[in-house]
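Reader: Hi, I'm new to reading structures and would like to go through one with you. Could you show it to me before we start?

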Amino acid sequence: MKIIKAVYDFLVGDMIILVGMALALLLLTLLQTIEALHSYTGAVLVVITLLVLGITLRRELVGRK
Amino acid sequence: MVWAVAIASFLASAVEFVEAFTIVLVVGVTINWRSAIAGSIAAAVSLAAIIAVFGTAIVYYVPIDLLRLIVGFILILFGMKWLKKAILRYSGLKALHDEEAIFEETMAEMRARGEVTTRILPSAVALAFKAVLLEGMEVAFIVITFGSSAAAQGSGIASAAIGATVAGLLVLLVGALVRSPLKQVPENTLKFVVGIMLTTFGTFWTVEGLHGSWPFADAFLLVLAAIYLLASFAFITWLKGQQRPALAQQTAK
């Protein structure tokens with residue numbers, strides 16, 4: 001458990017980022033099965049990345065208020 | 001040489017080596033330089049071995065598409081971690097990393113132990129080793145991930161390793177001249193830039209790992225970096241703006 005926590009803290013240390021981006025990867029993998037949506041993979045990933053970043057920053061702001 | 005990889009590795013390594021240098025400086029100043037140097041060299045050799053073994057294994061045994069997907073995803077996570085902290089520091093929600101304070105604190109601890117000698121002291125060697133190894137692990141991680149994903153374009157790992165080595169030598173040189181904590185290094189700016197680069201490359205390689213493509217191929221990296229940079233500035237402005245009403249309310253109370 002300690003090792004998993006150490007790796008988690010080393011790599012990301014933020015559950016919102018980890019879960020958000022894992023869901024993003026899942027969504028993108030599903031998008032790959034739809035031919036017409038292939039070209040939007042990059043745009044979807046960028047939007048989700050910024051969304052996740054915004055959510056975790058908001059949580060920090062609310063936590064410090 | 002893959003210049004983007006070398007530059008990203010250089011910047012990330014510079015930040016980590018500055019942090020490691022602070023602890024090594026404490027050991028050198030309060031105990032002795034033999035112990036500090038012995039611990040640092042042992043850690044540097046360990047890191048080089050880790051990079052050589054894992055970097056080579058990853059590049060040779062993992063298919064490039066799978067490698068790009070996994071490494072890209074990990075780089076996004078890592079980059080977002082760095083970027084988030086840098087944004088919080090710029091917006092004042094998190095304190096800046098104070099090398100001088102860390103130096104004073106660690107020095108006080110070591111003086112309290114009363115260990116002053118000219119011979120190589122195992123505990124001092126261990127402290128220097130731990131500091132360089134821990135900070136260096138992030139360097140090793142960036143060298144391996146960046147280097148292995150860029151392997152298809154040429155000497156990826158070598159470029160990343162060269163960038164890291166140059167950063168290490170530069171920090172050592174400046175440190176040897178200054179002989180005090182390197183507080184003038186714009187750490188948060190470096191972390192911010194590295195966070196942008198890691199997130200950019202991570203995004204780029206994740207999509208390539210999923211067999212996607214980008215308009216203008218590699219040139220789109222600049223567009224991605226610009227998007228993340230502008231978004232980060234927007235987040236900083238927003239966070240600073242959100243704090244002002246809260247501060248005003250507190251003052252009014």
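Reader: In what order do the elements of chain B run from the N terminus on?
Author: This is a predicted model, and in it the elements of chain B run α-α-α-α-α-α-α-α from the N terminus on. Counted by type, chain B has eight helices and zero strands.

Reader: And how much of chain B is buried?
Author: Of the 253 residues in chain B, buried residues make up 48%.

Reader: What about contacts in chain B between residues at least 6 apart in sequence, how many of those join residues at least 24 apart?
Author: Among those contacts, 86% join residues that are at least 24 apart in the sequence.

Reader: Switching topic, how many residues of chain B are in contact with chain A?
Author: There are 26 residues of chain B in contact with 26 residues of chain A. Helix H3 (64-90), helix H7 (187-209) and helix H8 (220-252) of chain B each supply at least two residues of the side that touches chain A, and H3(B) gives the most, with 11 residues. By class, that side of chain B has 19 nonpolar, five polar and two charged residues.

Reader: Now A:Leu28, which helix is that in, and what does A:Leu28 touch?
Author: A:Leu28 lies in helix H2 (residues 15-31) of chain A. Not counting residues up to four places away in sequence, A:Leu28 touches A:Thr41, A:Val44, A:Leu45 and, from the other chain, B:Leu210.

Reader: Does A:Leu28 count as buried or exposed, and why?
Author: A:Leu28 counts as buried, because A:Leu28 has 23 C-beta neighbours inside 10 Å, and the cut-off for buried is 20 or more.

Notes. Residues numbered from 1 in each chain as written. Chains lettered and ligands numbered in written order. Predicted model: local features only at pLDDT ≥ 70, side-chain atom pairs only at ≥ 80, totals over all residues. Contact = placed C-beta atoms within 7 Å. Helix = DSSP H or I, 4+ residues; strand = E, 2+ residues; numbered from the N terminus. Nonpolar A, V, L, I, M, F, W, Y, C, P; charged D, E, K, R; others polar. Buried ≥ 20, exposed ≤ 12 C-beta atoms within 10 Å, placed from the backbone.
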